[in-house]
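The stops below are to be taken in order.

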Amino acid sequence: MDIFLLLLALSGHAFLWIGLVNRLHALGLRRRIIGRLTLVFLACAAILPIPVACWFYGGFSDARVGAMVAAYVVLCWIIAPLTLLRLAWLRLFLHRTPSCVRFHGRRRMAIDLDAATAADEEITHHPLTRLPLNEILRLDLVDWTLDVPRLPQALDGLSIAHLSDLHFTGRVGKAYFREVVRVCNSLEPDLTVVTGDLIDERDCLSWIPDTFGRLVARHGVYFILGNHDLRTGDVAGLRRRLEQAGLVDLGGRRRRIEIAGQCVELLGSERPWIEHNDPSTASDFATTEPSLRIALAHSPDQFGWAKSQNADLFFVGHTHGGQIRLPLLGAIFSPSTEGVKHIAGLYNAPTTIMHVSRGISGDIPVRWRCAPEVARLKLRSPKS
């Protein structure tokens, strides 16, 4: 019985500090502050099991210390079952395929880096990429066909490709990302949206023409930036390079385009890391209601903002799908104020459908049971 209670306390302890780290990385604090607090949290996670085990098997001569440890153990006992119940509820109910989905498919794409690098030598990857079962150099193509309640008949069949979290760090060679772009272009999308965390290292800015610069879509490629893009030290310069490569910046902006005679509006938010004025105040904002409104942000924590903007579709990333998914528990790491609530896939709220991408890469080049993805959404009118 003591072993069970100890394991229960240690489980609650792990859930507590993982949850704190998750929510810390959802805040718009400076990178240095987040890094230091993360080290403090991880130190607490590593050290506190020692007094907990001591309390179980010997106690403390100082009654006050024993009382504090006992209170912490009780807290962990409460957290453990509540967290397990929440994870079960999320998996059974919230993470189910929403009713708006007509089709959902996934297939593994063949990545031939030798063919991709015929004209260059960008095939060097970090040693971690060679770990057994690491999926960081694999790629899934995820297809969704879904009903969009307000989609007019004229836009029936519109397709959108979604990329997120490419994380150019140099730990995964450029050749892999060129293959990602090739796969995305092979879908022949009407629109392509890229939702942040594109480049972590300034040395990788030179990759833009051969990667993002090769993205093509009938009606444009649109992007917003994420928290890791601040690491380049020159956000304005990064935007300029991406625009020179042919991408359209939606960071704090609202743009309107015409597709099949219909007005389609695209808008973006980069909060909480980059503050902008509300895009509804942009000078080119018109009063006529668009036939389709598409919102972009980096984090699913902006879901409320997208709904307040009356968006039909909302595209985000940031979570990496958890990046590492454990058996039974699934994903437990997610830099969100709501933990793993919106970890990956489709979520349908009244009038707004959110797609959360698992992303392409990561700061740490390790993925387990959570392969990178390129997603394609095909929109259908309920009248079709």
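Predicted model: local features only at pLDDT ≥ 70, side-chain atom pairs only at ≥ 80, totals over all residues.

Residues are numbered from 1 along each chain as its sequence is written, and side-chain values use heavy atoms, with hydrogens and water left out.

**First stop: H1 and H3**

Select residues 2–24, helix H1, together with residues 49–57, helix H3. Helices (H or I, at least four residues) and strands (E, at least two) are DSSP runs, numbered from the N terminus. The two helices pack at an angle of about 160°, and their axes are 11 Å apart. Axes here are lines fitted to C-alpha atoms, for helices over the stretch in contact, and angles run from 0 to 180 degrees between N-to-C directions. H1 and H3 are therefore roughly antiparallel, a term for angles over 145 degrees, while those under 35 count as roughly parallel, 65 to 115 as roughly perpendicular and the rest as oblique.

To see the contact (heavy atoms within 4.5 Å), display Asp2, Ile3, Leu5, Leu6, Ala9, Leu10 and His13 on the H1 side, and Pro49, Val52, Ala53, Phe56 and Tyr57 on the H3 side. By class, the residues of this contact are ten nonpolar, one polar and one charged. Ala, Val, Leu, Ile, Met, Phe, Trp, Tyr, Cys and Pro count as nonpolar, Asp, Glu, Lys and Arg as charged, and the others, Gly among them, as polar.

**Second stop: H2**

Cys44, Ala45, Ala46 and Ile47 of H2 meet Pro49, Ile50 and Pro51 of H3. This contact has seven nonpolar residues, no polar and no charged ones.

Now select threonine 38, which is placed in helix H2 (residues 31–47). Is threonine 38 buried or exposed? At 13% relative accessibility, threonine 38 counts as buried; buried means under 20% relative accessible area, exposed over 50%, and partly exposed in between (1.4 Å probe, protein chains only). The side chain of threonine 38 makes a polar contact of 2.9 Å with the side chain of histidine 25. Such a contact is a pair of N or O atoms within 3.5 Å; within protein, one must be able to donate a hydrogen and the other to accept it, and residues adjacent in sequence count only if both atoms are side-chain atoms.

Most residues other than glycine have a negative phi, and most peptide bonds are trans. Go to arginine 271 and proline 272, which are joined by a cis peptide bond with omega of about 5°. Next, asparagine 310 has a positive phi near 60° and lies in the loop between helix H8 (303–308) and strand S10 (313–316).

**Last stop: glutamine 323 and isoleucine 364**

Glutamine 323 has a positive phi of about 70°, and with a relative accessible area of 13% it is buried. Isoleucine 364, in the loop between strand S14 (352–356) and strand S15 (373–380), is in contact with Leu128 and Gln323, leaving aside neighbours within four places in sequence. Isoleucine 364 is exposed, at 53% relative accessible area.
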